[in-house]
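Hi everyone, thanks for coming. Please take a look at the sequence and the structure on the screen, and then we'll walk through a few spots together.

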Amino acid sequence: MRLFGCSHDQKDARAPKALSVVIPAYNSAAVIEHTVHRVAERLAGHDVEIIVVENGSTDGTMDICTRLAADWTPGPVSLTVLRSEKGMGNALRTGAAASRGAHVLLTADDLPFGFDDLDGAEKLAAGHDGRLPEVVIGSKAHPDSQVRRGALRGTLTWGFAALRRVILGMRTGDPQGTVLMDGDLMRGLVPGLVEPGFLFTTELVYLAERAGIVPVEVPVRLSDDHDSHETRISRADVLAMGMGLFRLRARHRDGGRLAWSGSASRG
């Protein structure tokens with residue numbers, strides 16, 4: 001994948017990488033090994049790191065991750081296994097803070113969009129002399145995305161999007177998709193993020209928007225596994241997440257524009 005550079009020998013285990021892929025793992029025993037191998041196969045030969053962050057699982061997830069790390073063959077694609085407190089946001093924050101990639105991809109333990117997000121990013125870079133936007137989102141809200149939703153899922157999705165616009169003034173259609181971000185930008189924003197759960201990427205993208213950055217959303221196709229079941233999010237969950245948006249607004253009311261200054265300095 002040319003977008004993330006060619007492989008080269010790394011004697012320093014903490015040397016920078018072209019790409020970091022952060023995967024939160026909570027009760028992921030059924031999928032995590034397959035996911036890690038899929039990512040490694042897709043990015044084989046390129047200078048990337050996979051960071052799996054187990055966060056409070058009660059199944060065999062950590063045992064599987066420990067075995068994967070112990071058996072991993074050293075090479076341009078490295079694997080790191082970390083632990084965090086329970087919560088997707090806690091896991092993503094831990095992985096992002098530990099990352100060393102020029103770009104960082106926040107994805108999920110079952111790769112809900114396959115690699116459509118990376119494909120979309122590569123197309124964007126090809127049209128801009130190899131340069132990526134600072135934030136690229138694998139977005140279910142993109143008009144070209146292929147996402148079949150039942151009536152309840154569609155209603156809840158629309159309702160939460162409306163809440164984001166009204167409460168936070170967000171322009172991004174799907175800040176809870178996968179997020180591919182400039183590594184320095186992400187690591188600069190992470191210290192100001194506190195959401196422990198599903199609102200983490202919304203908080204991340206919100207701060208990016210407040211710093212004057214316009215995320216670019218790319219189309220995705222939701223996997224058959226995700227398409228085949230109705231949402232587990234209830235109306236009560238949407239209400240709770242809506243209250244979380246008020247907390248985000250209050251938390252970042254002052255100084256949101258100062259969250260990141262690196263983009264201006266880079267030109």
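Six nonpolar residues, two polar and one charged make up the lining of the largest cavity. Here Ala, Val, Leu, Ile, Met, Phe, Trp, Tyr, Cys and Pro count as nonpolar, Asp, Glu, Lys and Arg as charged, and the others, Gly among them, as polar. Among the lining residues are Val-21, Thr-107, Gly-114 and Asp-117. A cavity is a set of points on a 1 Å grid over the protein atoms alone where a 1.4 Å probe fits but cannot get out, and lining residues have an atom within 4 Å of a point. The space in this largest cavity is about 40 Å³, a volume being what is filled by probe spheres set on the points, which are joined across faces, edges and corners.

A word on the source: this is a predicted model, where local features need pLDDT of at least 70, side-chain atom pairs count only at pLDDT 80 or more, and totals for chains, interfaces and linings use all residues. Residues are numbered from 1 along each chain as its sequence is written, and side-chain values use heavy atoms, with hydrogens and water left out.

Now, is Val-220 buried or exposed? Val-220 is buried, at 1% relative accessible area (buried is under 20%, exposed over 50%, partly exposed in between, with a 1.4 Å probe and protein chains only). Its C-alpha atom is separated by 8.5 Å from that of Gly-114, 106 residues apart along the chain. Leaving out residues up to four places away in sequence, Val-220 touches several others, including Phe-113, Asp-117 and Lys-140 (contact means heavy atoms within 4.5 Å).

Finally, His-142 touches Glu-217, Val-218 and Pro-219, again not counting residues up to four places away in sequence.

Notes: 1 Å grid on protein atoms, 1.4 Å probe; cavity = no way out; pocket = protein on both sides within 12 Å on 5 of 7 lines; lining within 4 Å.
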